[in-house]
Amino acid sequence: MTSLDPRALRDAFGSFMTGVTVVTARDKTGAPVGFTANSFSSVSLDPPMLLVCPGRFLSSYEVFAECSHFAVNILAEGQQEVSNTFAGYKGNRFAKVAHSNGVYDLPLIDGALAQFCCETHQAIPAGDHTVLIGRVLAFSHTAGDGLGYVGGSYFSLGLEREMDAKVPTVCGAIISSGDKVLLEREGDAFRPVQISGAERGGQRNRLAKGLVKRGIHARIEQVYSSFNDAESKQHYTFFLALSDQHPAPEQAEWVSVADLPDLTFASKGIHHMMSRFAREAQTGDFALYLGDAERGDIHNFR
Ligand SMILES: Cc1cc2nc3c(=O)[nH]c(=O)nc-3n(C[C@H](O)[C@H](O)[C@H](O)COP(=O)(O)O)c2cc1C
């Protein structure tokens, strides 16, 4: 048998996009138990069956391996906290999450998109997990988008689509050449080169096309900052870019990086970003910012 690298195998399995469920049951004393699971699959329509795989590492493993009934709750987007609670919280998980009782007193998570109450059909030990197959006795379903999971992170397709459709997006570039940055004027204030427009889709392509249209020659590199600016009610995505276009293209000017913190910019969020750029340009160690104009996370590339 080939020996497989467990870390690489876990990553490969994790590349499969799934939803997220919380699987619940009651132990012998009647206390509710539950864990987060993405190993859910529908199995059969007639008779109605589904499966989920509890791992031997679960503190509640014995309960699930031997239970006569269990429930599966498919989480809705926005229920990350519920997922995190049932994946990691060591106290009473049910005290933190609103729930009710279904048939056989099975705990059902409020706000879940679908809830299935099952009778155990078969529990098949399989390596370090058990394949728990349930026959669906009762279920409920509400329309909506589910919470997504891939590569160890959650995603919310519905929310992301909505944001894409609602928030006007401006993309731009912090174009540098040695110790200078290319800036434009907006009234009395400065701003990095920006391309706005109704066109949707790949920001990088949009930016590249926009720069060419404006006669700016620059090589677009990594995304540098993506944030919602409450002041201008816009979403900004800025890339880093390099150029050796001298003199400056029309309607833009080369400004010294060292002067950036003292300049007046079109908004507080942009001033914040440009000051960070001036700081990071000293070492060339640029990080990615995701958040809003006030608060966000810096992600280091290395
Ligand atoms: C998105 C996600 C999916 C998971 N899927 C499973 C799964 O299918 N089977 C499993 O046994 N554990 C799965 N886990 C891990 C368990 O939820 C976690 O180990 C468990 O809640 C720990 O419970 P315990 O403290 O009672 O042992 C998953 C965790 C997350 C965050």
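How far does a polar side-chain atom of Lys90 lie from an oxygen atom of the ligand? The distance from that polar side-chain atom of Lys90 to the ligand oxygen is 2.5 Å. The model is predicted, with local features requiring pLDDT of at least 70 and side-chain atom pairs counted only at pLDDT 80 or more, while totals for chains, interfaces and linings use all residues. Residues are numbered from 1 along each chain as its sequence is written, and side-chain values use heavy atoms, with hydrogens and water left out.

| Residue | Protein atom | Distance to a ligand oxygen atom |
|---|---|---|
| Thr36 | backbone N or O | 2.7 Å |
| Phe86 | backbone N or O | 2.6 Å |
| Lys90 | polar side-chain atom | 2.5 Å |

On its own the ligand has 640 Å² of accessible area, of which the protein covers 84% (areas by the Shrake-Rupley method with a 1.4 Å probe). There are 17 residues around the ligand, and those that come nearest are Ser39, Gly55, Ser59, Phe86 and Lys90; a residue belongs to this shell if one of its heavy atoms lies within 4 Å of the ligand. By class, the shell holds nine nonpolar, six polar and two charged residues, with Gly counted as polar and Tyr and Cys as nonpolar. Strand 3 (32-37) and helix 3 (80-88) each supply at least two shell residues, and strand 3 gives the most, with three (helices are DSSP runs of H or I with at least four residues, strands runs of E with at least two).

The ligand sits in the largest pocket, in the sense that more than half of its atoms lie within 2 Å of the pocket's grid points. A pocket here is an open set of points on a 1 Å grid over the protein atoms alone, where a 1.4 Å probe fits, with protein on both sides within 12 Å along at least five of seven lines, and lining residues have an atom within 4 Å of a point. The volume of the largest pocket is about 1600 Å³, and of its 46 lining residues Thr36, Ala37, Asn38, Phe57 and His129 are the closest to its centre. Helix 1 gives the most to this lining, with seven residues, and the lining divides into 22 nonpolar, 18 polar and six charged residues.

Some backbone features also deserve mention. The peptide bond from Asp46 to Pro47 is cis, with omega near 0°, and Pro47 lies in the loop between strand 4 (41-44) and strand 5 (49-52). Another cis peptide bond, also with omega near 0°, runs from His246 to Pro247, the latter being in the loop between strand 17 (234-242) and strand 18 (253-256). Tyr104, although not a glycine, has a positive phi of about 55°, and is found in the loop between strand 7 (99-101) and strand 8 (107-109).

How values were computed:
Polar contact = N/O pair within 3.5 Å; in protein donor to acceptor, adjacent residues only side chain to side chain. Points joined across faces, edges and corners; volume = space filled by probe spheres on them.
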